[in-house]
Amino acid sequence: MFDEMFSDNERIRDHYVNVNSWLKNMSSKAINQKNIEAESHFKRIGITFSVQDETLSERIIPFDLIPRILTSYEWNKIEKGVIQRSKALNAFLADIYTSGEIFKAKIIPEEIVYKKSSFDQSMVGVMPPRKIFSPIIGVDLIRTGQDSFYVLEDNCRTPSGVSYMLENREIMMKMFPDLFHTNRVLRVDDYPTRLLQTLMSLAPKKCENPVPTVVLLTPGHLNSAYYEHTFLSDQMGIEMVESSDLYIDEDLLFMKTVDGPKRVDVVYRRIDDAFLDPLSYNPDSVIGVPGIMQAYKTGGVNICSAPGCGIADDKAIYIYVPEMIKFYLGETPILENVKTWQCEKSDELNYVLDNIEDLVVKEVDGSGGYGMLIGPKSSKSQIEEFLIKLKNNPKGYIAQPTLDLSSSPTLINNEISGRRVDLRPFCLVGKQVQLCPGGLTRVALNEGSYVVNSSQGGGVKDTWVLAD
(Lines give C-alpha, C1' and ligand atoms only; values in the text may rest on other atoms or scores of the structure.)
Protein backbone atom coordinates (compact mmCIF):
# COMPACT_ATOMS: atom_id res chain seq x y z
CA MET A 1 0.00 0.00 0.00
CA PHE A 2 1.40 3.40 -1.03
CA ASP A 3 1.77 5.74 1.96
CA GLU A 4 1.25 9.38 0.99
CA MET A 5 3.06 10.76 4.05
CA PHE A 6 5.98 8.32 4.46
CA SER A 7 8.43 7.08 1.83
CA ASP A 8 9.57 3.44 1.73
CA ASN A 9 12.40 4.16 4.16
CA GLU A 10 9.95 5.73 6.64
CA ARG A 11 11.11 9.23 5.79
CA ILE A 12 8.50 12.00 5.91
CA ARG A 13 7.78 13.18 2.38
CA ASP A 14 8.82 16.82 1.93
CA HIS A 15 5.30 18.18 1.40
CA TYR A 16 4.13 16.65 4.70
CA VAL A 17 6.99 17.95 6.88
CA ASN A 18 5.16 21.07 8.10
CA VAL A 19 1.97 19.18 8.88
CA ASN A 20 3.94 16.49 10.71
CA SER A 21 5.60 19.13 12.89
CA TRP A 22 2.21 20.70 13.58
CA LEU A 23 0.78 17.35 14.67
CA LYS A 24 3.70 16.66 16.99
CA ASN A 25 3.16 20.01 18.71
CA MET A 26 -0.53 19.35 19.36
CA SER A 27 -1.52 17.65 22.59
CA SER A 28 -4.12 14.87 22.72
CA LYS A 29 -6.39 17.24 24.61
CA ALA A 30 -6.10 19.90 21.90
CA ILE A 31 -6.74 17.35 19.16
CA ASN A 32 -9.83 16.07 20.94
CA GLN A 33 -11.11 19.61 21.42
CA LYS A 34 -10.64 20.42 17.74
CA ASN A 35 -12.46 17.24 16.76
CA ILE A 36 -15.41 18.29 18.92
CA GLU A 37 -15.29 21.77 17.39
CA ALA A 38 -15.36 20.34 13.85
CA GLU A 39 -18.29 18.06 14.65
CA SER A 40 -20.19 20.95 16.21
CA HIS A 41 -19.61 23.03 13.06
CA PHE A 42 -21.07 20.33 10.80
CA LYS A 43 -24.05 19.85 13.11
CA ARG A 44 -24.70 23.59 13.24
CA ILE A 45 -24.73 24.07 9.48
CA GLY A 46 -26.64 20.84 8.88
CA ILE A 47 -24.32 18.82 6.64
CA THR A 48 -25.67 15.27 6.74
CA PHE A 49 -25.82 12.19 4.54
CA SER A 50 -28.47 9.52 4.17
CA VAL A 51 -27.88 6.00 5.45
CA GLN A 52 -29.59 3.35 3.34
CA ASP A 53 -30.44 0.91 6.12
CA GLU A 54 -33.54 0.07 8.11
CA THR A 55 -33.25 3.37 10.01
CA LEU A 56 -33.13 5.57 6.85
CA SER A 57 -31.38 8.06 9.12
CA GLU A 58 -29.46 11.28 8.52
CA ARG A 59 -25.99 11.45 10.06
CA ILE A 60 -23.19 13.98 10.34
CA ILE A 61 -20.32 13.01 8.09
CA PRO A 62 -17.07 12.31 10.02
CA PHE A 63 -14.36 14.89 9.36
CA ASP A 64 -10.65 14.16 9.75
CA LEU A 65 -8.36 16.99 10.83
CA ILE A 66 -5.26 15.88 8.92
CA PRO A 67 -5.34 17.26 5.36
CA ARG A 68 -4.60 15.13 2.33
CA ILE A 69 -1.76 16.93 0.50
CA LEU A 70 -0.86 16.89 -3.18
CA THR A 71 2.16 18.58 -4.72
CA SER A 72 1.82 20.83 -7.76
CA TYR A 73 3.53 18.10 -9.81
CA GLU A 74 0.95 15.50 -8.74
CA TRP A 75 -1.91 17.91 -9.30
CA ASN A 76 -0.68 18.83 -12.76
CA LYS A 77 -1.13 15.24 -13.93
CA ILE A 78 -4.56 14.95 -12.28
CA GLU A 79 -5.73 18.26 -13.74
CA LYS A 80 -4.64 17.50 -17.29
CA GLY A 81 -6.04 13.98 -17.11
CA VAL A 82 -9.45 14.96 -15.74
CA ILE A 83 -9.84 17.81 -18.24
CA GLN A 84 -8.93 15.45 -21.09
CA ARG A 85 -11.44 12.89 -19.87
CA SER A 86 -14.21 15.47 -19.42
CA LYS A 87 -13.75 16.77 -22.96
CA ALA A 88 -13.93 13.24 -24.37
CA LEU A 89 -17.07 12.36 -22.39
CA ASN A 90 -18.85 15.46 -23.67
CA ALA A 91 -17.75 14.69 -27.23
CA PHE A 92 -19.09 11.15 -26.80
CA LEU A 93 -22.48 12.43 -25.62
CA ALA A 94 -22.73 14.92 -28.48
CA ASP A 95 -21.85 12.14 -30.93
CA ILE A 96 -24.19 9.37 -29.76
CA TYR A 97 -27.19 11.70 -29.79
CA THR A 98 -26.43 12.84 -33.35
CA SER A 99 -24.34 11.10 -36.01
CA GLY A 100 -22.92 8.20 -33.95
CA GLU A 101 -19.48 8.30 -35.54
CA ILE A 102 -18.00 6.15 -32.76
CA PHE A 103 -20.41 3.36 -33.70
CA LYS A 104 -19.52 3.62 -37.38
CA ALA A 105 -15.86 3.30 -36.41
CA LYS A 106 -16.70 0.06 -34.54
CA ILE A 107 -15.15 1.37 -31.33
CA ILE A 108 -18.24 0.92 -29.16
CA PRO A 109 -21.04 -1.55 -29.95
CA GLU A 110 -24.33 0.28 -30.53
CA GLU A 111 -26.32 -2.07 -28.31
CA ILE A 112 -24.23 -1.17 -25.25
CA VAL A 113 -25.55 2.39 -25.57
CA TYR A 114 -28.98 2.06 -27.14
CA LYS A 115 -30.24 -0.69 -24.83
CA LYS A 116 -29.42 1.24 -21.65
CA SER A 117 -32.27 2.92 -19.77
CA SER A 118 -29.98 5.92 -19.22
CA PHE A 119 -29.88 6.56 -22.98
CA ASP A 120 -32.65 9.12 -23.61
CA GLN A 121 -34.22 8.45 -27.00
CA SER A 122 -36.02 11.80 -26.88
CA MET A 123 -32.66 13.61 -26.90
CA VAL A 124 -31.63 12.25 -30.29
CA GLY A 125 -30.91 15.22 -32.55
CA VAL A 126 -30.83 17.72 -29.66
CA MET A 127 -27.63 19.71 -29.22
CA PRO A 128 -27.06 21.80 -26.05
CA PRO A 129 -25.22 25.15 -26.16
CA ARG A 130 -21.51 24.77 -26.98
CA LYS A 131 -22.20 21.01 -27.42
CA ILE A 132 -21.80 20.60 -23.67
CA PHE A 133 -24.05 17.90 -22.24
CA SER A 134 -22.30 17.61 -18.89
CA PRO A 135 -20.86 20.89 -17.57
CA ILE A 136 -19.98 19.46 -14.13
CA ILE A 137 -18.10 16.16 -14.05
CA GLY A 138 -16.81 14.47 -10.92
CA VAL A 139 -14.09 11.93 -11.66
CA ASP A 140 -13.35 9.44 -8.88
CA LEU A 141 -9.63 8.70 -8.65
CA ILE A 142 -7.57 6.23 -6.66
CA ARG A 143 -3.84 6.11 -6.21
CA THR A 144 -1.63 3.03 -5.98
CA GLY A 145 1.86 4.48 -6.27
CA GLN A 146 4.00 7.61 -6.59
CA ASP A 147 2.75 8.47 -10.07
CA SER A 148 -0.02 5.88 -10.39
CA PHE A 149 -3.47 7.49 -10.47
CA TYR A 150 -6.40 5.49 -11.83
CA VAL A 151 -9.96 6.51 -12.70
CA LEU A 152 -12.48 4.39 -10.79
CA GLU A 153 -15.61 5.95 -12.30
CA ASP A 154 -17.06 9.07 -13.92
CA ASN A 155 -20.01 11.08 -12.59
CA CYS A 156 -21.62 13.12 -15.34
CA ARG A 157 -25.15 13.80 -14.10
CA THR A 158 -25.14 15.77 -10.86
CA PRO A 159 -21.95 14.84 -8.98
CA SER A 160 -22.34 15.71 -5.31
CA GLY A 161 -19.83 16.46 -2.59
CA VAL A 162 -18.46 19.85 -3.58
CA SER A 163 -20.06 21.44 -0.49
CA TYR A 164 -17.91 19.13 1.64
CA MET A 165 -14.82 20.28 -0.25
CA LEU A 166 -15.64 23.90 0.52
CA GLU A 167 -16.76 23.39 4.13
CA ASN A 168 -13.74 21.20 4.90
CA ARG A 169 -11.49 24.07 3.83
CA GLU A 170 -13.47 26.70 5.71
CA ILE A 171 -13.36 24.84 8.99
CA MET A 172 -9.64 24.08 8.65
CA MET A 173 -8.86 27.74 8.01
CA LYS A 174 -10.94 28.79 11.02
CA MET A 175 -9.38 26.27 13.39
CA PHE A 176 -5.78 26.31 12.14
CA PRO A 177 -5.04 29.64 10.43
CA ASP A 178 -1.32 29.37 11.24
CA LEU A 179 -1.11 26.12 9.31
CA PHE A 180 -2.06 27.93 6.11
CA HIS A 181 0.57 30.60 6.75
CA THR A 182 3.32 27.98 6.68
CA ASN A 183 1.98 26.08 3.66
CA ARG A 184 1.25 27.56 0.23
CA VAL A 185 -2.17 25.98 -0.28
CA LEU A 186 -4.09 26.90 -3.42
CA ARG A 187 -7.59 28.24 -2.80
CA VAL A 188 -10.85 26.42 -3.47
CA ASP A 189 -13.29 29.04 -2.20
CA ASP A 190 -13.72 30.49 -5.70
CA TYR A 191 -15.42 27.31 -6.94
CA PRO A 192 -18.95 28.83 -6.72
CA THR A 193 -17.78 31.77 -8.86
CA ARG A 194 -16.23 29.39 -11.39
CA LEU A 195 -19.43 27.32 -11.43
CA LEU A 196 -21.64 30.35 -12.02
CA GLN A 197 -19.37 31.59 -14.83
CA THR A 198 -19.54 28.14 -16.42
CA LEU A 199 -23.35 28.01 -16.25
CA MET A 200 -23.70 31.57 -17.60
CA SER A 201 -21.43 30.68 -20.53
CA LEU A 202 -23.98 28.03 -21.52
CA ALA A 203 -26.92 30.37 -22.12
CA PRO A 204 -29.48 29.13 -24.70
CA LYS A 205 -29.88 30.64 -28.16
CA LYS A 206 -33.05 32.54 -27.18
CA CYS A 207 -31.36 34.24 -24.21
CA GLU A 208 -31.96 38.01 -24.44
CA ASN A 209 -30.30 39.02 -21.18
CA PRO A 210 -26.72 40.34 -21.38
CA VAL A 211 -26.27 38.58 -18.03
CA PRO A 212 -28.10 35.22 -18.20
CA THR A 213 -30.38 34.39 -15.26
CA VAL A 214 -29.39 31.12 -13.59
CA VAL A 215 -31.42 29.18 -11.00
CA LEU A 216 -30.83 25.96 -9.07
CA LEU A 217 -33.74 23.51 -9.28
CA THR A 218 -34.06 21.29 -6.19
CA PRO A 219 -36.54 18.50 -5.50
CA GLY A 220 -36.98 19.92 -2.01
CA HIS A 221 -35.85 19.60 1.59
CA LEU A 222 -36.35 15.82 1.77
CA ASN A 223 -33.55 15.23 -0.74
CA SER A 224 -30.34 13.87 0.81
CA ALA A 225 -28.24 16.57 -0.91
CA TYR A 226 -30.55 19.45 0.02
CA TYR A 227 -27.87 21.12 2.15
CA GLU A 228 -25.58 21.23 -0.88
CA HIS A 229 -28.36 22.76 -2.98
CA THR A 230 -28.92 25.58 -0.49
CA PHE A 231 -25.19 26.04 0.02
CA LEU A 232 -24.32 26.35 -3.67
CA SER A 233 -27.26 28.61 -4.56
CA ASP A 234 -26.32 30.89 -1.68
CA GLN A 235 -22.63 30.93 -2.61
CA MET A 236 -23.40 31.66 -6.27
CA GLY A 237 -25.96 34.32 -5.37
CA ILE A 238 -28.73 32.70 -7.42
CA GLU A 239 -32.26 31.64 -6.58
CA MET A 240 -32.90 28.08 -5.42
CA VAL A 241 -36.29 27.08 -6.78
CA GLU A 242 -38.72 24.19 -6.74
CA SER A 243 -41.08 23.25 -9.54
CA SER A 244 -43.91 25.31 -8.07
CA ASP A 245 -41.76 28.44 -8.53
CA LEU A 246 -41.45 27.93 -12.29
CA TYR A 247 -43.74 27.81 -15.31
CA ILE A 248 -43.51 27.70 -19.08
CA ASP A 249 -45.07 30.30 -21.37
CA GLU A 250 -44.58 30.17 -25.16
CA ASP A 251 -41.63 27.78 -24.81
CA LEU A 252 -39.82 30.11 -22.39
CA LEU A 253 -39.19 29.46 -18.68
CA PHE A 254 -40.28 31.97 -16.06
CA MET A 255 -39.79 32.24 -12.31
CA LYS A 256 -42.48 33.64 -10.05
CA THR A 257 -41.20 36.56 -7.96
CA VAL A 258 -42.78 39.25 -5.77
CA ASP A 259 -42.09 41.68 -8.61
CA GLY A 260 -43.81 39.49 -11.18
CA PRO A 261 -42.53 36.88 -13.69
CA LYS A 262 -38.79 36.77 -14.38
CA ARG A 263 -37.27 34.99 -17.37
CA VAL A 264 -34.89 32.13 -16.57
CA ASP A 265 -32.12 31.21 -19.01
CA VAL A 266 -30.17 28.39 -17.35
CA VAL A 267 -31.38 25.76 -14.89
CA TYR A 268 -28.77 23.99 -12.78
CA ARG A 269 -30.97 21.03 -12.03
CA ARG A 270 -30.44 18.67 -9.10
CA ILE A 271 -33.31 16.32 -9.88
CA ASP A 272 -33.21 13.10 -11.89
CA ASP A 273 -34.22 12.88 -15.55
CA ALA A 274 -37.32 10.82 -14.83
CA PHE A 275 -38.86 13.59 -12.71
CA LEU A 276 -37.77 16.60 -14.77
CA ASP A 277 -40.91 17.06 -16.87
CA PRO A 278 -44.16 15.11 -16.31
CA LEU A 279 -45.14 15.80 -19.92
CA SER A 280 -42.02 14.08 -21.26
CA TYR A 281 -41.01 11.56 -18.59
CA ASN A 282 -42.75 10.26 -15.46
CA PRO A 283 -46.32 11.65 -15.63
CA ASP A 284 -46.68 11.28 -11.86
CA SER A 285 -43.78 13.61 -11.10
CA VAL A 286 -44.72 16.53 -8.85
CA ILE A 287 -41.18 17.93 -8.63
CA GLY A 288 -40.71 18.60 -12.34
CA VAL A 289 -41.73 21.51 -14.56
CA PRO A 290 -44.42 20.68 -17.16
CA GLY A 291 -43.22 21.68 -20.63
CA ILE A 292 -39.60 22.42 -19.72
CA MET A 293 -38.30 19.84 -22.21
CA GLN A 294 -40.08 21.54 -25.12
CA ALA A 295 -38.62 24.88 -24.04
CA TYR A 296 -35.20 23.23 -23.77
CA LYS A 297 -35.34 21.65 -27.22
CA THR A 298 -36.41 24.90 -28.88
CA GLY A 299 -33.64 26.97 -27.25
CA GLY A 300 -35.76 28.77 -24.68
CA VAL A 301 -33.78 27.49 -21.69
CA ASN A 302 -30.71 25.38 -21.02
CA ILE A 303 -30.80 22.48 -18.54
CA CYS A 304 -27.49 21.63 -16.89
CA SER A 305 -26.68 18.78 -16.98
CA ALA A 306 -28.53 17.76 -20.12
CA PRO A 307 -31.13 15.00 -19.94
CA GLY A 308 -29.64 11.72 -21.11
CA CYS A 309 -26.06 12.44 -20.06
CA GLY A 310 -26.27 9.64 -17.48
CA ILE A 311 -25.33 7.13 -20.16
CA ALA A 312 -21.75 8.41 -19.78
CA ASP A 313 -21.83 7.34 -16.10
CA ASP A 314 -22.56 3.74 -16.95
CA LYS A 315 -19.90 1.32 -15.74
CA ALA A 316 -20.11 -0.59 -19.03
CA ILE A 317 -19.38 2.65 -20.93
CA TYR A 318 -16.48 3.47 -18.57
CA ILE A 319 -14.46 0.69 -20.18
CA TYR A 320 -14.37 2.58 -23.49
CA VAL A 321 -13.35 6.05 -22.24
CA PRO A 322 -9.64 5.59 -23.12
CA GLU A 323 -10.74 4.76 -26.68
CA MET A 324 -13.00 7.82 -26.69
CA ILE A 325 -10.01 10.00 -25.83
CA LYS A 326 -8.04 8.60 -28.75
CA PHE A 327 -11.03 8.80 -31.13
CA TYR A 328 -12.35 12.29 -30.34
CA LEU A 329 -9.21 14.09 -29.18
CA GLY A 330 -6.45 12.18 -30.97
CA GLU A 331 -4.55 11.97 -27.69
CA THR A 332 -3.07 9.29 -25.45
CA PRO A 333 -5.03 8.96 -22.17
CA ILE A 334 -3.21 10.65 -19.30
CA LEU A 335 -5.12 8.81 -16.57
CA GLU A 336 -5.62 5.07 -16.86
CA ASN A 337 -8.78 3.09 -16.22
CA VAL A 338 -8.79 0.24 -13.74
CA LYS A 339 -8.77 -3.07 -15.65
CA THR A 340 -12.38 -4.17 -15.97
CA TRP A 341 -14.05 -7.46 -16.92
CA GLN A 342 -17.49 -7.28 -18.58
CA CYS A 343 -19.48 -10.14 -17.14
CA GLU A 344 -21.89 -10.14 -20.10
CA LYS A 345 -19.03 -11.59 -22.18
CA SER A 346 -18.92 -15.32 -21.55
CA ASP A 347 -15.13 -15.67 -21.45
CA GLU A 348 -14.77 -12.73 -19.07
CA LEU A 349 -17.63 -14.02 -16.92
CA ASN A 350 -15.86 -17.37 -16.60
CA TYR A 351 -12.70 -15.62 -15.47
CA VAL A 352 -14.65 -13.65 -12.85
CA LEU A 353 -16.44 -16.77 -11.59
CA ASP A 354 -13.12 -18.60 -11.24
CA ASN A 355 -11.34 -15.70 -9.52
CA ILE A 356 -14.11 -13.95 -7.61
CA GLU A 357 -12.30 -14.27 -4.26
CA ASP A 358 -9.62 -11.89 -5.57
CA LEU A 359 -11.87 -9.39 -7.39
CA VAL A 360 -14.24 -6.50 -6.75
CA VAL A 361 -17.62 -7.15 -8.38
CA LYS A 362 -19.97 -4.18 -8.97
CA GLU A 363 -23.50 -3.70 -10.18
CA VAL A 364 -23.44 -1.72 -13.43
CA ASP A 365 -26.06 0.64 -12.02
CA GLY A 366 -24.87 0.53 -8.38
CA SER A 367 -23.57 3.48 -6.37
CA GLY A 368 -22.68 4.57 -2.85
CA GLY A 369 -20.74 1.41 -2.05
CA TYR A 370 -23.87 -0.72 -2.29
CA GLY A 371 -24.44 -3.65 -4.66
CA MET A 372 -20.78 -4.65 -4.68
CA LEU A 373 -18.57 -7.47 -3.45
CA ILE A 374 -14.96 -7.08 -2.34
CA GLY A 375 -13.71 -10.65 -2.73
CA PRO A 376 -10.76 -10.65 -0.29
CA LYS A 377 -12.94 -9.04 2.42
CA SER A 378 -16.05 -11.20 1.92
CA SER A 379 -17.32 -14.34 3.62
CA LYS A 380 -17.94 -17.62 1.79
CA SER A 381 -21.69 -17.07 1.98
CA GLN A 382 -21.40 -13.57 0.49
CA ILE A 383 -19.28 -14.93 -2.35
CA GLU A 384 -21.75 -17.75 -3.00
CA GLU A 385 -24.56 -15.20 -3.13
CA PHE A 386 -22.72 -13.15 -5.75
CA LEU A 387 -21.87 -16.21 -7.81
CA ILE A 388 -25.59 -16.86 -8.15
CA LYS A 389 -26.26 -13.21 -9.05
CA LEU A 390 -23.57 -13.27 -11.73
CA LYS A 391 -24.87 -16.47 -13.30
CA ASN A 392 -28.46 -15.20 -13.28
CA ASN A 393 -27.73 -11.66 -14.56
CA PRO A 394 -24.22 -11.34 -16.01
CA LYS A 395 -25.13 -8.15 -17.91
CA GLY A 396 -25.76 -6.41 -14.60
CA TYR A 397 -22.17 -6.68 -13.36
CA ILE A 398 -18.57 -5.80 -14.03
CA ALA A 399 -15.48 -6.88 -12.09
CA GLN A 400 -12.15 -5.26 -11.31
CA PRO A 401 -8.96 -6.27 -9.51
CA THR A 402 -8.68 -5.43 -5.83
CA LEU A 403 -6.34 -2.43 -5.95
CA ASP A 404 -4.73 -1.23 -2.75
CA LEU A 405 -5.79 2.41 -2.40
CA SER A 406 -3.15 4.78 -1.10
CA SER A 407 -2.98 5.48 2.61
CA SER A 408 -3.29 8.95 4.12
CA PRO A 409 -2.49 9.84 7.76
CA THR A 410 -5.73 9.96 9.73
CA LEU A 411 -6.62 10.65 13.36
CA ILE A 412 -8.21 7.55 14.88
CA ASN A 413 -8.96 7.87 18.62
CA ASN A 414 -6.42 10.72 18.80
CA GLU A 415 -3.71 8.51 17.30
CA ILE A 416 -2.31 8.88 13.77
CA SER A 417 -3.01 5.86 11.61
CA GLY A 418 -3.01 5.28 7.87
CA ARG A 419 -6.38 4.91 6.16
CA ARG A 420 -7.26 4.37 2.50
CA VAL A 421 -8.50 7.38 0.49
CA ASP A 422 -9.88 8.33 -2.90
CA LEU A 423 -10.33 11.71 -4.58
CA ARG A 424 -13.15 13.37 -6.52
CA PRO A 425 -12.00 16.53 -8.35
CA PHE A 426 -14.74 18.56 -10.02
CA CYS A 427 -14.27 19.60 -13.64
CA LEU A 428 -16.28 22.54 -15.02
CA VAL A 429 -16.92 22.48 -18.76
CA GLY A 430 -18.23 25.62 -20.46
CA LYS A 431 -16.56 28.37 -22.42
CA GLN A 432 -13.50 27.27 -20.45
CA VAL A 433 -12.63 23.82 -19.12
CA GLN A 434 -11.19 24.06 -15.62
CA LEU A 435 -10.61 22.31 -12.31
CA CYS A 436 -10.69 23.88 -8.89
CA PRO A 437 -7.30 22.92 -7.31
CA GLY A 438 -8.52 20.38 -4.79
CA GLY A 439 -11.50 18.10 -4.54
CA LEU A 440 -13.35 15.81 -2.19
CA THR A 441 -11.09 13.34 -0.42
CA ARG A 442 -13.04 10.50 1.13
CA VAL A 443 -11.39 8.27 3.71
CA ALA A 444 -12.22 4.71 4.83
CA LEU A 445 -12.19 5.21 8.60
CA ASN A 446 -12.66 1.53 9.44
CA GLU A 447 -9.34 -0.29 9.74
CA GLY A 448 -8.57 -2.39 6.69
CA SER A 449 -11.60 -1.09 4.78
CA TYR A 450 -11.53 -0.26 1.07
CA VAL A 451 -14.95 1.46 1.08
CA VAL A 452 -14.73 5.23 1.47
CA ASN A 453 -18.44 6.07 1.03
CA SER A 454 -19.94 7.99 3.96
CA SER A 455 -22.90 5.61 4.02
CA GLN A 456 -20.44 2.74 4.57
CA GLY A 457 -18.41 4.22 7.43
CA GLY A 458 -16.26 6.68 5.48
CA GLY A 459 -15.36 10.27 6.29
CA VAL A 460 -13.88 13.32 4.55
CA LYS A 461 -10.67 15.36 4.62
CA ASP A 462 -9.58 18.76 3.42
CA THR A 463 -7.60 18.35 0.18
CA TRP A 464 -4.57 20.57 -0.26
CA VAL A 465 -2.83 21.34 -3.53
CA LEU A 466 0.44 23.14 -2.84
CA ALA A 467 1.71 25.95 -5.04
CA ASP A 468 5.08 25.56 -6.78
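Colleague: How many salt bridges does the structure hold?

Modeller: The structure holds 24 salt bridges, where the term stands for a side-chain nitrogen of Lys or Arg within 4 Å of a carboxyl oxygen of Asp or Glu. Please keep in mind that this is a predicted model, in which local features need pLDDT of at least 70 and side-chain atom pairs count only at pLDDT 80 or more, while totals for chains, interfaces and linings use all residues. Residues are numbered from 1 along each chain as its sequence is written, and side-chain values use heavy atoms, with hydrogens and water left out.

Colleague: What makes Lys 461 and Asp 64 a salt bridge?

Modeller: The closest N and O atoms of Lys 461 and Asp 64 are 2.5 Å apart, which is within the 4 Å of the definition, so the pair counts as a salt bridge. The pair links distant parts of the chain, for Lys 461 belongs to strand E23 (residues 458-465) and Asp 64 to strand E3, 397 residues apart.

Colleague: What do the atoms of Glu 74 and Arg 143 show about a salt bridge between them?

Modeller: Their closest N and O atoms are 2.6 Å apart, and the two residues form a salt bridge. Glu 74 lies in helix H3 (residues 72-96) and Arg 143 in strand E4 (residues 136-145), so the pair ties together parts that are 69 residues apart in sequence. Both Glu 74 and Arg 143 are buried, and they belong to a network of salt bridges that also links Glu 4 and Arg 68.

Colleague: How do you know that Asp 314 and Lys 116 meet in a salt bridge?

Modeller: The distance from N to O is 3.6 Å, which again falls within 4 Å, so the pair qualifies. Asp 314 sits in the loop between E12 and helix H11 (315-318) and Lys 116 in the loop between helix H5 (110-114) and E4, 198 residues apart. Asp 314 has a relative accessible area of 5% and is therefore buried.

Colleague: What makes E11 a partner of E6 and of E12?

Modeller: Two strands pair if DSSP finds at least two bridges between them. Strand E6 (residues 214-217) and E11 have 4 bridges in the parallel sense, with Leu 217 opposite Arg 269, while E11 and strand E12 (residues 302-304) have 3 bridges, also parallel, with Val 266 opposite Asn 302. From E11 (residues 266-269), Val 266 and Tyr 268 point one way and Val 267 and Arg 269 the other way, and all are buried.

Colleague: Which handedness has the unit made by E11, helix H10 and E12?

Modeller: E11, H10 (residues 292-297) and E12 make a right-handed β-α-β unit, which means that, with the strands pointing away from the viewer, the path from the first strand over the helix to the second runs clockwise.

Colleague: Why is helix H8 described as largely enclosed by the rest of the structure?

Modeller: In H8 (residues 191-200), 7 of the 10 residues are buried, so the helix is largely enclosed. Among the buried residues are Tyr 191, Arg 194 and Leu 199.

Notes. Buried < 20%, exposed > 50% of the residue type's maximum accessible area, 1.4 Å probe, protein only. Helix = DSSP H or I, 4+ residues; strand = E, 2+ residues; numbered from the N terminus.
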